[in-house]
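Visitor: Could we go through this structure together? I would like to ask about it piece by piece.
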Amino acid sequence: MRNTELKEVRQEWKHSRFFFGKNKVMSLALGRTAEEELKTGLHKVSEHLSQQCGLLFTNQPSKDVQQYFKDYSTSDYARSGSQAPMSIELPAGPLQKHPLSTADVSF
């Protein structure tokens, strides 16, 4: 999620808190074992921190949170490693409407 979209989500969920950071730092803050955790069961959350993720702390019902993020979508341009949603085939040969250089254009 890009920064502009994240700002919109944070604005809509300003009654809640989002936390982003390195997974090792967040797991250390939550507690990696039952002995280190601040509240009962938090070390179980630490076990699931992987790749790019963040934490959302809210008093909203779980059903509302899941429904919001299920329905949320935005358009974005592709990044490296993204899969194309469709295939396009170009026939072999020169493109008639698009010359390759200005030398091919007659004025």
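Visitor: To start, is phenylalanine 69 buried or exposed, or does it count as partly exposed?

Guide: Phenylalanine 69 counts as partly exposed, because its relative accessibility is 32%. Buried means under 20% relative accessible area, exposed over 50%, and partly exposed in between, with a 1.4 Å probe and protein chains only. Please note that this is a predicted model: local features need pLDDT of at least 70, side-chain atom pairs count only at pLDDT 80 or more, and totals for chains, interfaces and linings use all residues. Residues are numbered from 1 along each chain as its sequence is written, and side-chain values use heavy atoms, with hydrogens and water left out.

Visitor: What is the mean pLDDT of the protein?

Guide: The mean is 83, and 90% of the residues reach 70 or more. pLDDT is the predictor's confidence in each residue, from 0 to 100.

Visitor: Which ring does tryptophan 13 meet edge-to-face?

Guide: The structure holds six aromatic pairs. In one of them, the ring centres of tryptophan 13 and tyrosine 68 are 5.3 Å apart and the planes stand at 70°, so this pair is edge-to-face. Rings of Phe, Tyr and Trp (its six-membered ring) pair if their centres lie within 6.5 Å; planes under 30 degrees apart count as stacked, over 60 as edge-to-face and the rest as tilted.

Visitor: Where in the chain do tryptophan 13 and tyrosine 68 lie?

Guide: Tryptophan 13 is in the loop between helix H1 (3-12) and strand S1 (17-20), while tyrosine 68 is in helix H4 (residues 62-71); the pair links distant parts of the chain, 55 residues apart. Both tryptophan 13 and tyrosine 68 are buried.

Visitor: And how does tryptophan 13 pair with phenylalanine 69?

Guide: That pair is stacked, with 6.1 Å centre to centre and 20° between the planes. Because tryptophan 13 lies in the H1-S1 loop and phenylalanine 69 in helix H4, the pair ties together parts that are 56 residues apart in sequence. Tryptophan 13 itself counts as buried because its relative accessibility is 6%. One aromatic cluster is formed by Trp13, Tyr68, Phe69 and Tyr72.

Visitor: What does valine 65 touch?

Guide: Leaving out residues up to four places away in sequence, valine 65 touches Trp13, Leu56, Thr58 and Gln60. Contact here means heavy atoms within 4.5 Å. Valine 65 lies in helix H4 and is buried, with a relative accessible area of 15%. Its C-alpha is 9.7 Å from that of tryptophan 13, a residue 52 places away in sequence.

Visitor: Is histidine 43 buried or exposed?

Guide: Histidine 43 is buried, with a relative accessible area of 15%. Histidine 43 is found in helix H3 (residues 42-46). Setting aside neighbours within four places in sequence, histidine 43 is in contact with Gly31, Arg32, Thr33, Ala34 and Glu37. For threonine 33, ten residues away in sequence, the C-alpha to C-alpha distance is 5.3 Å.

Visitor: What is the phi of glutamine 51?

Guide: Glutamine 51 has a positive phi of about 55°, although it is not a glycine. Most residues other than glycine have a negative phi. Glutamine 51 is found in the loop between H3 and strand S2 (54-57) and is exposed, with a relative accessible area of 73%.

Visitor: Lastly, what share of the 107 residues do buried residues make up?

Guide: Buried residues make up 17% of the 107 residues. Among contacts between residues at least 6 apart in sequence, 56% join residues at least 24 apart.

Technical notes: Helix = DSSP H or I, 4+ residues; strand = E, 2+ residues; numbered from the N terminus.
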